Amino acid sequence: MPRAEPGGAEQREARLGWALVLPAIGTILLIALFPLGWTVWESLHLHDLRMPWLGRPFIGLNNYLEAVGDARFREALVHTLLFTVASVTLELGLGCVLALAMNRTFRGRGLVRAAILVPWAIPTVVAALIWRFMFDGDSGIVNAALTSIGVDPPVWFVDRFAAWVPVILGDVWKETPFVALLLLAGLQGIDASLYEAARIDGATAWRQFRYITLPLLKPALLVALIFRTRDAFRVFDLVYVMTGGGPGTATEPIALYTFTSLLQNLRFGYGSALSVLVFLVAFLLAVGYIRVVGADLTGERR
Amino acid sequence: MATIRFEGVRKTYPNGHVAARGIDLAVADGEFVVLVGPSGCGKSTALRMLAGLETPTAGRIFIGDRDVTAVPPQDRDVAMVFQSYALYPHMTVRANMGFGLRMRGAPPDRIAARVAEVAQALGLEQVLDRKPGQLSGGQRQRVALGRAIAREPQVFLFDEPLSNLDTKLRVETRAELARLHRRLRATIVYVTHDQEEAMTLGDRVVVMHDGAIEQAAPPMEVYRRPATLFVAGFVGSPEMNLLPQPDGTLLGVRPQDLTVVAPATGELEGIVDVVEPRGSEQLLYVHADGGRELRVIAPPDLTVTPEQPVGLRLDPARVHRFDPSTGRRLA
Amino acid sequence: MSRGARWAALAVGLLVLATAFPFYWTVVASLTPEARLFAAPSLLPTGLVLDHYRALFVERAFWVPIRNSLIVAGCTTVFSVFVGSLCAYALARLRFRGKVPLLGLVLAVSMFPQISVVSPLFLLLRSLRLIDTYPGLILPYLTFALPLTVWLLVGFFRQLPAELEEAAMVDGAGRLRAFREVIVPVAVPGLAATAILTFVYSWNEFLFALSFTLGPERQTVPVAIALFRGQYQVPWGQVLAAAIVATAPVAALVLAFQRRIVQGLTAGAVKG
């Protein structure tokens, strides 16, 4: 590669570039990458703050092996997976319906968009409390509604399985708007003349959806899928506040178990191993995201 | 005003693309030079290197006596009119036109006076306090022009400034630019892909192709004595006809230089294929023997019909000969 | 109205109702006197009182967590937008080696689960004596605020025509001057959207605030609400009143700037 004879201009630009980038990147390296490296390092040691006399010996992959054999960890993993599948499916489905319905221009569309965005914007803690209150045994509106139509409601937060209902519904209520807006943006990118041509060719609404909308919405759907899956996998705030992982550990997702190990049981070594596992899954999803979006941008772009 | 010199300028991008291969060009003080060629020929790259927005990989660029190859654009004292005008959308017309002077530290009253002067010359007094978003295409073009003129730079650079205008405005603005050049006696380097524009505006036309200069000469010379096959085919519309000769050379003759005569009385024979009436002339597509299709410009009142056999006469003073392997002109 | 339009209107209506109802219910409950809170609930109650709101500010000094959240979210936003915009500009416009891996790094960090960095951050902050302080929250918040800002703004700066800076430079402005005089004013919509999103995420953050604060003096709004404890049971009236108070600012921001927010969200996500 021929080097620039008067290298001054390019070198100047490069130097300026690095100078501008350094504060942000430096901060990120310090407070994100370094701690993550530290976590990985820590996960290879025994480090229990309740038993400081044991020191901090290197134990290799023992924490990970313990995790695999830990029934509570396995359960937490199952909880997390089930929660992810249920909430993401509902969010994508409802989001799709909402996006389709909002795709027409109508008066007050901006207001509707703003209104449905509010659940997304509030703290998850608040959402959790609102839904907890609605499902409360005594004063909850949900129970009142159910009994008024003759259905006998379960004791929501005491029943191992029923406790998932408010959790999932709360997540769906809070996150569907984001999915809907993402899909709406994707829908608005579809050329209207495709539908006109299809209508002239005699296609029904369902066929139009299946052969035009779905394929062209694929990129947006994939982005929504990956984002929501990654976030559902990391769920913490919602469960901590709504059920505390209970009853017992029946609704404990993996992030909550990790938190408990770290900051309540003070088992830093073990908790770090759990965090690394959570990170690995999130990382794999991130790689998937880059692949999908990257391929879309370079491959299928018109 | 100043002279410009390109000496052996090359530009290769990191991905391997060669945008300029050895450009040598000298522009005289006050000369209007047009760089013309198809997209990808390197004309815009050459202009941007002159502005300082790109750095040559090799070679030198001089403005006046100063070697500006490594000088950043803000210190070069050139003004540029972009294809999209690049007006600052958040500033008024007045602020847009005064920006360059403000950057150079001119006192506010001098800036105000100069902006008013230029606005008056371009007919922009009414819109001085508006923002670009509120102007028409033609007005925006004039503001872009005003912004360049207000600075009284050593050199003016134009990057396809007319391509965003409709035909009528384009013709008007072309005349405006020619007048401007005469008045300011400015050194102008102008880039376009439109060969007609190049021929009407430039003191000299620089035809570029694939990163190199094919020919740099006054318009008439480029038209009458194209130096290469590429120039011959690029300049002049409709395109020149090229006929392979028995001695291996290519004979070039412009459609305007072929005369329709009775069959068997001219140097060439053929059958008329398509007749395109164009008002002041007719464009004929003639199927000549040898399977060649020739373009011929004929007078408007000549009666020609498709399927009609015709003869074609050449003017020996108006033919061109090229070596097909080098593409260069022979004699 | 066509059949399709009728279905759409119905769907939208139902979904808006489903969205708004929990809020409506919460507001009603927050205005219901304590005694009647656990009686049979009714959809259209009467006899609303402001007791819970009063108690919130008088007895629980709820303005303290509000102050904390404002300071933390505000400082995080200001710092990350400022530093992030410079970084984003360099990544979007300047030419230098190593840009692609840097962008990849920024994206990767934004994907970190918070739980994975909580413990080392805790130990780091503790060694710097920053636990239960404002910087002790602002610093960790930058782990998500900076990548977010950089990511959104890179996308935004890329959309601006390159010729704007070029024109400014040819006109005599250096890179940084061109950035200040031309790019920043034109980028205000993108900067605003980024600032709003950063503020919202910071205001709502829970895990770090929970882990890095010790007492009510420095707790933020989400933590304060989550930790409300009554003598014998959860004081739902006050909790829900606090919920509404916590919601009001972000709801107002969203309603006012919904178009900007949506643009920022979808551009950053869909375009990648």
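Visitor: In which helix of chain C is the place of C:Trp25?

Guide: This is a predicted model. In it, C:Trp25 has its place in a helix of chain C, namely helix 1.

Visitor: Is C:Trp25 buried, exposed or partly exposed?

Guide: There are 19 other C-beta atoms within 10 Å of C:Trp25. A residue needs 20 or more to be buried, and 12 or fewer to be exposed. The count for C:Trp25 lies in between, so the residue is partly exposed.

Visitor: Which residues does C:Trp25 touch, not counting residues up to four places away in sequence?

Guide: The partners of C:Trp25 carry the letter of chain A. Leaving out residues up to four places away in sequence, they are A:Met134 and A:Ile141.

Visitor: How many residues of chain A are in contact with chain C, and which helix of chain A gives the largest share?

Guide: On the side of chain A, 79 residues are in contact with 78 residues of chain C. By class, that side of chain A has 61 nonpolar, 11 polar and seven charged residues. The largest share is 19 residues, and it comes from residues 8–43 of chain A, which form helix 1.

Visitor: Is the crossing of helix 3 of chain A and helix 1 of chain C left-handed or right-handed?

Guide: Two packed helices are described by the angle between their axes and the distance between the axes. For the hand of this pair, helix 3 of chain A passes helix 1 of chain C in a crossing that is left-handed.

Visitor: Into which domains is chain C divided, and how many residues does helix 1 give to the side of domain 1 that touches domain 2?

Guide: Chain C has domain 1 (1–49) and domain 2 (60–270), with C-alpha centres 32 Å apart. Seven residues of domain 1 of chain C are in contact with six residues of domain 2 of chain C. On the domain 1 side, the most come from helix 1 of chain C, and their number is four.

Visitor: Which helix of chain C gives the most to the side that touches chain B?

Guide: 14 residues of chain C are in contact with 17 residues of chain B. Two elements of chain C give two or more residues each to this side: helix 8 (162–170) and helix 9 (175–186). The one that gives the most, with six residues, is helix 8.

Visitor: What covers the buried residues of helix 8 of chain C?

Guide: The buried residues of this helix include C:Glu165, C:Glu166 and C:Met169. Part of their cover belongs to chain C itself, in helix 4 (63–93) and helix 9. The cover also includes elements of chain B, namely helix 1 (43–51) and strand 6 (78–81).

Visitor: Is B:Tyr85 buried or exposed?

Guide: B:Tyr85 is in the loop between strand 6 and helix 2 (93–103) of chain B. Its phi is positive, about 70 degrees, although B:Tyr85 is not a glycine. With 21 other C-beta atoms within 10 Å, where 20 or more are needed, B:Tyr85 is buried.

Visitor: Is B:Asp210 buried, exposed or partly exposed?

Guide: B:Asp210 also has a positive phi, near 55 degrees. Its loop runs between strand 9 (204–209) and strand 10 (212–217) of chain B. With 15 other C-beta atoms within 10 Å, B:Asp210 is partly exposed.

Visitor: Where in chain B is B:Pro238, and is the peptide bond from B:Ser237 cis or trans?

Guide: B:Pro238 is in the loop between helix 8 (229–234) and strand 11 (241–244) of chain B. Omega of the bond from B:Ser237 to B:Pro238 is near 0 degrees, and the bond is cis.

Key. Residues are numbered from 1 along each chain as its sequence is written. Chains are lettered from A and ligands numbered from 1 in the order in which they are written. This is a predicted model: local features need pLDDT of at least 70, side-chain atom pairs count only at pLDDT 80 or more; totals for chains, interfaces and linings use all residues. Two residues are in contact if their C-beta atoms, placed from the backbone, lie within 7 Å. Ala, Val, Leu, Ile, Met, Phe, Trp, Tyr, Cys and Pro count as nonpolar, Asp, Glu, Lys and Arg as charged, and the others, Gly among them, as polar. A crossing is left-handed if the near helix is turned anticlockwise from the far one by less than a right angle, and right-handed if clockwise. Domain bounds come from an automatic or database domain assignment.
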